Amino acid sequence: MQIRLYGEKVMLRNLTQNDWPSFLQLHLDSAVQQYIRKIEAENDIKAKFTQRLAPWFFDSGEWLSLVVERIDNQEIAGIIGFRCDDVNGPRAEVGYLMLPHQQGMGFATDSLRTIVDWGALQFNMHKFIGICACENLASLNVLKNVGFIIEGTLRQHSYINGTWFDDYYLGLLTSQRR
């Protein structure tokens with residue numbers, strides 16, 4: 001499935017072989033991964049990249065990964081996507097990684113709003129889920145700016161590099177998207 005979506009500031013497009021350097025950079029950057037996971041080995045990141053290059057199907061349970069490309073200068077700002085975790089719902093978890101020098105400019109918010117609107121219309125989605133560490137205020141603000149609401153807190157849910165983090169679970173009903 002070829003995907004090309006346009007937000008106000010970004011274009012979302014399929015991941016290609018040429019995106020490997022940016023994908024690797026996102027997954028090796030300790031600031032980007034701080035609240036997500038410990039830094040993985042490059043071989044594991046390459047396997048993840050290869051899997052995400054394969055054709056994607058909504059009911060596969062795999063992540064759809066789209067490149068976030070700035071409209072103004074065609075620079076890669078990050079990666080965004082979702083994975084269906086309940087076909088019957090249907091419900092999907094969203095996720096995004098933004099390069100540090102591209103953060104704070106609204107690209108994540110614009111991308112998330114764009115992919116939520118597309119997913120709602122394309123797959124008749126009922127609900128989107130976002131999960132973020134309570135300390136990850138930037139990600140929390142992105143989710144809230146798109147209309148996600150905190151539905152619960154899982155205490156000491158994620159163990160990353162020797163630290164336990166509480167995680168917020170946020171939800172957005174497609175009927176309430178902004």
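The crossing of helix 4 and helix 5 is right-handed. Keep in mind that this is a predicted model. Helix 4 covers residues 107-123, and helix 5 covers residues 137-146. Their axes come within 9 Å and cross at roughly 45°. That angle makes helix 4 oblique to helix 5.

Who makes the contact? From helix 4, we have Ala-108, Thr-109, Leu-112 and Arg-113. From helix 5, Val-142, Leu-143, Asn-145 and Val-146. By type, the residues of this contact split into 5 nonpolar, 2 polar and 1 charged.

The largest nonpolar core holds 37 residues. Which of them have the most contacts inside the core? Phe-82, Leu-112, Phe-128 and Phe-148. Note Leu-112: this residue also sits in the contact between helix 4 and helix 5.

Several elements give two or more residues to this core. On the strand side, they are strand 2 (10-14), strand 3 (64-70), strand 4 (76-86), strand 5 (91-98), strand 6 (127-133) and strand 8 (163-173). Helix 4 and helix 5 are on the list too. Helix 4 gives the most, with 8 residues.

Leave aside the neighbours within four places in sequence. Phe-128 is then in contact with Phe-82 and Phe-148, among others. The list also includes Ala-92, Val-94, Val-116, Gly-119 and Ala-120. Further along the chain, it takes in Leu-170, Gly-171, Leu-172 and Thr-174.

Gln-33 is found in helix 2, residues 30-33. Is Gln-33 buried or exposed? Buried, with a relative accessible area of 1%; the cut-off for buried is under 20%. Not counting residues up to four places away in sequence, Gln-33 touches Leu-26, His-27, Ile-39 and Leu-97.

Last, two asparagines with backbone angles to look at. Asn-124 has a positive phi of about 50°, although it is not a glycine. Asn-124 lies in the loop between helix 4 and strand 6. At 62% relative accessibility, Asn-124 counts as exposed.

Then Asn-161. Here too, phi is positive, at about 50°, and the residue is not a glycine. Asn-161 sits in the loop between strand 7 (149-160) and strand 8. With a relative accessible area of 58%, Asn-161 is exposed.

That's the tour. Over to you.

Terms used:
Residues numbered from 1 in each chain as written. Predicted model: local features only at pLDDT ≥ 70, side-chain atom pairs only at ≥ 80, totals over all residues. Heavy atoms only, no water. Axes fitted to C-alpha atoms, helices over the stretch in contact; angles between N-to-C directions. Helix = DSSP H or I, 4+ residues; strand = E, 2+ residues; numbered from the N terminus. Parallel < 35°, antiparallel > 145°, perpendicular 65-115°, else oblique. Left-handed = near helix turned anticlockwise from the far one by under 90°. Contact = heavy atoms within 4.5 Å. Nonpolar A, V, L, I, M, F, W, Y, C, P; charged D, E, K, R; others polar. Core = buried A, V, L, I, M, F, W, Y, C linked by side-chain atoms within 4.5 Å. Buried < 20%, exposed > 50% of the residue type's maximum accessible area, 1.4 Å probe, protein only.
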